[in-house]
Amino acid sequence: MTLAGFAGAAYLFADSRAPSAAPAPAPVPSRVAYHSDGLSDAYDGFRAEPLALPTGRGPGRVSLRITGPAGTATDFQYVHTKPMHMYVLRDDLSGYQHLHPEVVDGAWTAPVTITDGGAYRVYAEFTPHGRPAAADPTVLGVPFVIAGDTSMVPVPAPRAEIRSGPYTVRRLDGVADLASGTQTALRFQILRDGRPAALEPYLGAYAHLSNFEVRTQGLKHLHPLPADATGGAPADGVLAFHAAFAERGDKRLFLQFRAGGAVRQVAFTIFTT
């Protein structure tokens with residue numbers, strides 16, 4: 001498919017279920033919510049200015065200058081061992097990458113490799129100093145396009161389990177639809193050879209879950225609840241996440257975990273009514 005056809009299609013994803021009434025408004029969460037999802041380059045007094053973005057396939061570089069109320073911002077709270085988390089995603093919900101930029105000449109910079117053409121977005125997630133510890137981060141986003149023939153990837157149907165090498169990740173409620181507008185529990189079990197996997201810390205947590213709305217590509221980054229009072233690895237390999245899905249429709253969730261000395265990644269599709 002040429003880029004013109006790619007853009008003309010505009011990736012108008014339809015829900016995987018028939019239309020229904022709009023959900024009730026979501027309850028006010030207990031944590032301080034900032035409601036930024038990476039779909040804008042400016043939010044809460046901060047702005048992302050792209051200095052370098054990939055222009056072709058292969059190794060490239062992302063470099064964003066973040067400005068805030070006090071000017072160029074190069075110092076944020078360390079959250080899960082990093083001052084900034086950066087993500088790259090194509091707008092067919094493929095090509096997900098989780099990057100960890102460093103400040104180079106006043107800009108947040110990270111290497112990235114692009115394998116196919118299409119329309120992409122880079123997300124910058126950070127928590128400014130002075131924001132309460134329980135508050136959500138700010139997420140800014142900047143789009144970029146890789147020209148040329150492109151192979152679109154359909155969003156996969158929901159599945160109850162996904163494999164990554166010797167590991168099986170099982171969604172414990174199968175492919176059940178979830179309710180939007182309310183706190184929802186998501187539980188995944190990670191197994192190796194049919195037994196609970198020995199999970200290792202990765203960036204200050206036992207897993208990272210990036211949730212993207214399929215129709216908008218809005219991002220919400222989640223971390224598992226502690227398995228016990230000690231904060232140790234879950235003996236049963238079960239990771240539990242609490243999420244409040246504001247919108248009805250399909251979601252694409254990228255789950256990263258560390259086991260056997262390597263970081264693994266699986267992706268699930270879920271639907272919220």
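Two residues are in contact here when heavy atoms of theirs lie within 4.5 Å. The legends below describe a predicted model, in which local features need pLDDT of at least 70, side-chain atom pairs count only at pLDDT 80 or more, and totals for chains, interfaces and linings use all residues. Residues are numbered from 1 along each chain as its sequence is written, and side-chain values use heavy atoms, with hydrogens and water left out.

View 1. Val 103 is found in strand β7, residues 102-104, where strands are DSSP runs of E with at least two residues, numbered from the N terminus. Leaving aside neighbours within four places in sequence, Val 103 is in contact with Thr 74 and Trp 108. The C-alpha atoms of Val 103 and Ala 73 are separated by 9.8 Å, and these residues are 30 apart along the chain. With a relative accessible area of 37%, Val 103 is partly exposed, a class that lies between buried (under 20%) and exposed (over 50%), as judged with a 1.4 Å probe and protein chains only.

**View 2. The stacked pair of Phe 76 and Trp 108.** The structure holds 13 aromatic pairs, a term for rings of Phe, Tyr and Trp (its six-membered ring) whose centres lie within 6.5 Å, with planes under 30 degrees apart counted as stacked, over 60 as edge-to-face and the rest as tilted. Phe 76 and Trp 108 form a stacked pair, at 5.5 Å centre to centre and 20° between the planes. Because Phe 76 lies in the loop between β4 (71-72) and β5 (85-90) and Trp 108 in strand β8 (residues 107-114), the pair ties together parts that are 32 residues apart in sequence. Phe 76 counts as buried at 2% relative accessibility, and Trp 108 is buried with a relative accessible area of 2%.

**View 3. The edge-to-face pair of Phe 188 and Phe 241.** The ring centres of Phe 188 and Phe 241 are 6.1 Å apart and their planes stand at 75°, so the pair is edge-to-face. Phe 188 belongs to strand β13 (residues 183-192) and Phe 241 to strand β18 (residues 238-244), so that distant parts of the chain, 53 residues apart, are linked. Phe 188 is buried, with a relative accessible area of 0%, and Phe 241 counts as buried at 0% relative accessibility.

View 4. Arg 252 has its place in strand β19, residues 249-259. Not counting residues up to four places away in sequence, Arg 252 touches several residues, among them Leu 93, Val 155, Phe 212 and Thr 269.

Note on methods: Helix = DSSP H or I, 4+ residues; strand = E, 2+ residues; numbered from the N terminus.
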